[in-house]
Amino acid sequence: MGETADNGLKIVVVGGFGVGKTTLVRSVSEIRPLNTEETMTRAGEAVDDISEVRGKTATTVAFDFGRITLDARNVLYLFGAPGQERFWFLWDRLFAGTLGAVVLVDTRRIDDSWYAIDRLEHHGTPFIVACNDFGGPAHTPAQIREALDLDPHIPLLDCDARSRASSKQVLITLVEHLQSHYAPRSPELAL
């Protein structure tokens, strides 16, 4: 953080296994991201269902970390959470001190998003939902909202986690959502 920056704002990117959380953090971070990816082995095949993420060779085992400077006084710290169920115990720690979260969704596997949304609601953490484009069947926003049982005030947008511009738009949407719905309760959101 620069000498003049005094607000470190923590954002968490969550979602199911293989939805693109590491990719999103990598695409938008201004620093070389810290990754805790490890090579997937045959031993993990019995634990992690890889049938829907063919070709995936590495997986996050703790978290990803990136940073974006917003202005001279404000910095976003991005934490990408691991998606496999066996690492969910880390999520509660990652949520501590978080202003908001992005739930990244693969619309081919919408059910994999339930745990993330449930945990965020349990913690009272504001969030948005971003559907990462994997070229699967097209769903309308109304279908996705219904499948995820999303409140109407929660932003839902499409993204391509590989694209810096698209990932930046996801984070801008989250910050705007936080400012419009939570700024009166959180003075640090008055950017």
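This briefing covers strand pairing, aromatic contacts, charged pairs and a few loop residues in one structure. The model is predicted, so local features need pLDDT of at least 70, side-chain atom pairs count only at pLDDT 80 or more, and totals for chains, interfaces and linings use all residues. Residues are numbered from 1 along each chain as its sequence is written, and side-chain values use heavy atoms, with hydrogens and water left out.

Strand 5 is mostly covered, with seven of its seven residues buried. The whole structure holds two aromatic pairs and five salt bridges.

- Helices (H or I, at least four residues) and strands (E, at least two) are DSSP runs, numbered from the N terminus.
- Buried means under 20% relative accessible area, exposed means over 50%, and partly exposed lies in between (1.4 Å probe, protein chains only).
- Two strands pair if DSSP finds at least two bridges between them.
- Strand 1 (residues 7–15) runs parallel to strand 5, and seven bridges join them. Gly-8 stands opposite Val-75 of strand 5.
- Strand 4 pairs with strand 5 in the antiparallel sense, over six bridges. Gly-66 has Leu-78 in strand 5 as its bridge partner.
- A hairpin of four residues joins strand 4 to strand 5.
- In a regular strand the side chains alternate between the two faces of the sheet. From strand 5, Asn-74, Leu-76, Leu-78 and Gly-80 point one way, while Val-75, Tyr-77 and Phe-79 point the other way.

**Aromatic cluster**

- Rings of Phe, Tyr and Trp (its six-membered ring) pair if their centres lie within 6.5 Å; planes under 30 degrees apart count as stacked, over 60 as edge-to-face and the rest as tilted.
- Two aromatic pairs turn up in a search of the whole structure. Phe-65 and Tyr-77 are stacked, because their ring centres are 5.7 Å apart and their planes stand at 25°.
- Phe-65 lies in strand 4 (residues 64–69) and Tyr-77 in strand 5 (residues 74–80), so this pair ties together parts twelve residues apart in sequence.
- Phe-65 is buried at 18% relative accessible area. Tyr-77 is buried at 19%.
- Ring pairs link Phe-65, Tyr-77 and Phe-79 into a cluster.
- Lys-10 lies over the face of Phe-79, at 5.0 Å from the ring centre. A charge sits over a ring if NZ of Lys or CZ of Arg is within 6 Å of the ring centre and within 35 degrees of the ring normal.

**Salt bridges**

- A salt bridge is a side-chain nitrogen of Lys or Arg within 4 Å of a carboxyl oxygen of Asp or Glu.
- Glu-30 forms a salt bridge with Arg-67, with the closest N and O atoms 3.0 Å apart. Glu-30 lies in the loop between helix 1 and strand 2 and Arg-67 in strand 4, so the pair ties together parts 37 residues apart in sequence.
- Glu-30 is partly exposed at 37% relative accessibility. Arg-67 is partly exposed at 22%.
- Arg-109 and Asp-112 meet in a salt bridge (2.9 Å, N to O). Arg-109 is buried at 9%, whereas Asp-112 is partly exposed at 34%.
- A network of salt bridges links Asp-106, Arg-108, Arg-109 and Asp-112.
- Arg-162 and Asp-160 also meet in a salt bridge (2.8 Å, N to O). Arg-162 is exposed at 62%, whereas Asp-160 is partly exposed at 21%.

- Asp-64 lies in strand 4. Asp-64 is buried yet has no salt bridge; Arg-26, the nearest side chain of opposite charge, is 6.1 Å away. Lys and Arg count as positive and Asp and Glu as negative; His and the chain ends are not counted.
- The side chain of Asp-64 makes a polar contact with the side chain of Thr-22 (2.5 Å). A polar contact is a pair of N or O atoms within 3.5 Å; within protein, one must be able to donate a hydrogen and the other to accept it, and residues adjacent in sequence count only if both atoms are side-chain atoms.
- Thr-22 is among the buried residues of helix 1. Six of the eight residues of helix 1 (residues 21–28) are buried, so the helix is largely enclosed by the rest of the structure.

**Loop residues**

- Ile-31 sits in the loop between helix 1 and strand 2 (37–39). Ile-31 is partly exposed at 26%.
- Asp-149 has a positive phi of about 55° although it is not a glycine. Asp-149 is exposed at 58%.
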